[in-house]
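This is a tutorial dialogue on reading a protein model.

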Amino acid sequence: MITRGEFFMIKEMYERGMSISEDEWGYDKYTGVCHIIPNAGVVVLALLYGKGDFSRTIEIATMCGWDTDCNAGNVGTITGVFNGIDGIPDHYRKPINDTIVTSSVSGYLNILDIPTFCKELVIMGYELSGEKAPNTLTESVRYGEVYFDFRLPGSTHGFKTSNNFKTLLKHSNDVGFHHKGSLEVLFDRMVDGDQSKIFYKPFYRREDFNDEKYKPTFSPKAYSGQIVSVKIYLDKWQGEEVYITPYVRNTFNKEDLKLQPIVLKNHQWNDVEFVIPELGGAMIDEVGYIVESPSPLTNRAFGKLFIDEFHIHGNAQYTIDFNKQAIEFKSITPFAHHRGEWLLEDGYMSCTAYEDATSYTGNYYTRNFELESDISPIEGESHGLIFRSLGTERYYFIGFDGDGQVSLIKNDFGYKKIKTVSYQWKKGINYHFKIIVLGDQINFEINGDKVLSHKGLDFAYGMVGFGLLNKGKSEFHSFQLTEKN
């Protein structure tokens with residue numbers, strides 16, 4: 001707690017500093033869309049007068065006005081690294097709940113949990129320095145999978161509860177399956193009829209946000225056909241048996257698809273595993289467990305669950321039903337679009353391209369797979385599939401490429417035709433495309449006939465989607481993806 005004298009001294013220094021910023025670095029001196037120089041002035045001012053204190057530095061940057069989100073974020077990053085986790089008050093960290101969403105063309109990478117992302121950054125640091133990362137670190141990062149081990153201090157990996165009255169979530173430093181660290185779930189006086197979900201969100205919708213300035217787009221982190229496994233320790237203090245029901249939520253109709261209930265064994269680790277069922281072309285926006293107990297009022301269930309090694313893995317097998325998608329953040333779920341006008345029509349997705357236009361979805365680390373889609377070329381000469389995309393300037397395209405031909409094209413900051421074959425196609429007709437990608441080889445079929453084969457792909461993984469490489473219009477009537485080993 002600062003004294004009255006210290007308060008007025010800080011106030012005077014702040015006003016003097018802000019006056020200098022306005023006189024020398026103001027928006028009127030440095031105009032433009034993004035006021036980088038004025039922002040830098042505020043950052044310097046806040047760091048100087050904040051004296052390393054996380055909260056005070058952020059508050060000063062915010063009180064300066066101007067570009068408050070950027071400036072507060074920048075000084076918070078600097079002072080956060082400077083002070084470490086212990087120097088960040090809970091009222092800043094707890095509401096974030098280890099979750100960040102970003103804006104990029106990869107909807108899969110846009111869903112971040114902070115502990116996993118921190119580990120990935122540290123591994124990159126080791127690689128850049130030419131050093132070998134510790135095995136305990138590399139083993140805890142599973143690219144293309146969801147894997148939460150709750151090792152890092154305070155980590156929750158974004159887990160939520162639907163009933164804060166009956167279940168309270170926090171990190172545990174004391175209990176873990178192979179190490180110290182887990183998600184602690186206190187269940188409080190549960191009786192027959194009480195329910196509480198403990199879940200992770202692998203997909204987001206517009207309704208989850210109150211701001212769309214940066215227009216994030218999302219592709220799920222969990223798909224039909226994948227395996228969900230977890231270790232759960234039950235420490236029951238009183239009450240009848242405690243059981244959990246694995247479930248996933250259909251984001252189209254908001255219904256929970258429940259699997260078989262499992263009675264937990266007390267005072268031991270329980271292995272819980274299930275396969276995500278097919279949702280008929282809809283996406284999944286919750287994966288978790290419903291906690292219940294048949295306990296009577298005279299013997300309420302009271303105790304703790306400890307969750308560790310939550311893991312979503314295995315080959316996905318799913319369809320996208322365009323009747324069950326929506327236009328959100330100017331993109332059609334679960335795609336992210338780059339150029340073009342993408343619309344939901346009567347059960348299909350269309351694109352009108354005024355130059356090139358591409359659309360991306362799926363796991364960013366997809367390697368081996370079969371992808372099938374019904375595509376109708378309406379206008380123009382380029383209509384096809386995108387695969388192993390690492391971004392808007394690095395991907396493969398395969399499909400119609402000019403009158404009477406099909407091409408495999410590589411975009412690596414510029415287009416290069418890898419292979420072209422003859423194929424007489426017509427506009428206004430629906431064609432069934434199928435690509436089979438295994439290792440460095442691709443086979444391409446149209447209406448069940450093998451059209452093109454190539455060995456020598458050098459992009460090892462990436463997103464999938466649709467594309468037109470020049471002006472035109474396409475209709476996309478179906479999407480079915482099956483991952484392969």
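This is a predicted model: local features need pLDDT of at least 70, side-chain atom pairs count only at pLDDT 80 or more; totals for chains, interfaces and linings use all residues.

**Reading helices, contacts and loops**

Q: Which residues of H4 are buried?
A: A residue counts as buried when its relative accessible area is under 20% and as exposed when that area is over 50%. In H4 the buried residues are Asn71, Ala72, Val75, Gly76, Thr79 and Gly80. These residues cover an arc of only 155° around the axis, and therefore they lie on the same side of H4. Thr77 and Val81, on the other side of H4, are exposed.

Q: What covers the buried residues of H4?
A: Contact here means heavy atoms within 4.5 Å. The cover over the buried residues of H4 includes H2 and H3.

Q: At what angle do the axes of helix H2 (residues 36–50) and helix H3 (residues 54–63) cross?
A: A pair of helices can be described by the approach of their axes, the angle and the handedness. The axes of H2 and H3 come within 8 Å and cross at roughly 145°. The crossing in which H2 passes H3 is right-handed.

Q: Which residues of H2 and H3 meet?
A: On the H2 side they are Val42, Leu45, Ala46, Leu47, Tyr49 and Gly50, and on the H3 side Arg56, Thr57, Ile60 and Ala61. By class, this contact is made up of seven nonpolar residues, two polar and one charged.

Q: Which residues of H6 are buried, and against what do they pack?
A: Pro115, Thr116, Lys119, Glu120 and Ile123 are the buried residues of H6. Seen down the helix axis, these residues fall within an arc of 140°, so they line one face of H6. Their packing partners are strand S2 (111–113), helix H7 (135–138) and strand S3 (146–148). Just after H6 comes glycine 130, with a positive phi of about 75°.

Q: Where do phenylalanine 150 and phenylalanine 413 lie?
A: Each has its place in a loop between two strands. Phenylalanine 150 is in the loop between S3 and strand S4 (160–161), and phenylalanine 413 is in the loop between strand S25 (405–412) and strand S26 (415–422). Although not a glycine, phenylalanine 150 has a positive phi of about 55°. Phenylalanine 413, also not a glycine, has a positive phi of about 60°.

Q: Is phenylalanine 150 buried or exposed, and is phenylalanine 413 buried or exposed?
A: The relative accessibility of each residue decides the matter. Phenylalanine 150 counts as buried because its relative accessibility is 0%. Phenylalanine 413 counts as exposed because its relative accessibility is 63%.

Q: Which residues does serine 106 touch?
A: Serine 106 lies in the loop between strand S1 (99–101) and S2. With a relative accessible area of 3%, it is buried. Leaving aside residues up to four places away in sequence, serine 106 touches Tyr364 and Met463.

Q: Where is aspartate 86, and is it buried or exposed?
A: Aspartate 86 is in the loop between H4 and helix H5 (90–93). Its relative accessibility is 80%, so it counts as exposed. Proline 153 is 67 residues away along the chain, and the C-alpha atoms of aspartate 86 and proline 153 are separated by 9.6 Å.

Q: Which residues does a cis peptide bond join?
A: The angle to read is omega. Threonine 333 and proline 334 are joined by a cis peptide bond, with omega about -10°. Proline 334 has its place in the loop between strand S17 (331–332) and strand S18 (336–338).

Q: How many helices and strands are in the protein?
A: The protein has seven helices and 32 strands. Of its 485 residues, 51% count as buried.

Note on methods. Residues are numbered from 1 along each chain as its sequence is written. Side-chain values use heavy atoms; hydrogens and water are left out. Buried means under 20% relative accessible area, exposed over 50%, partly exposed in between (1.4 Å probe, protein chains only). Helices (H or I, at least four residues) and strands (E, at least two) are DSSP runs, numbered from the N terminus. The arc is that of the directions from the helix axis to the C-beta atoms. Axes are lines fitted to C-alpha atoms, for helices over the stretch in contact, and angles run from 0 to 180 degrees between N-to-C directions. A crossing is left-handed if the near helix is turned anticlockwise from the far one by less than a right angle, and right-handed if clockwise. Ala, Val, Leu, Ile, Met, Phe, Trp, Tyr, Cys and Pro count as nonpolar, Asp, Glu, Lys and Arg as charged, and the others, Gly among them, as polar.
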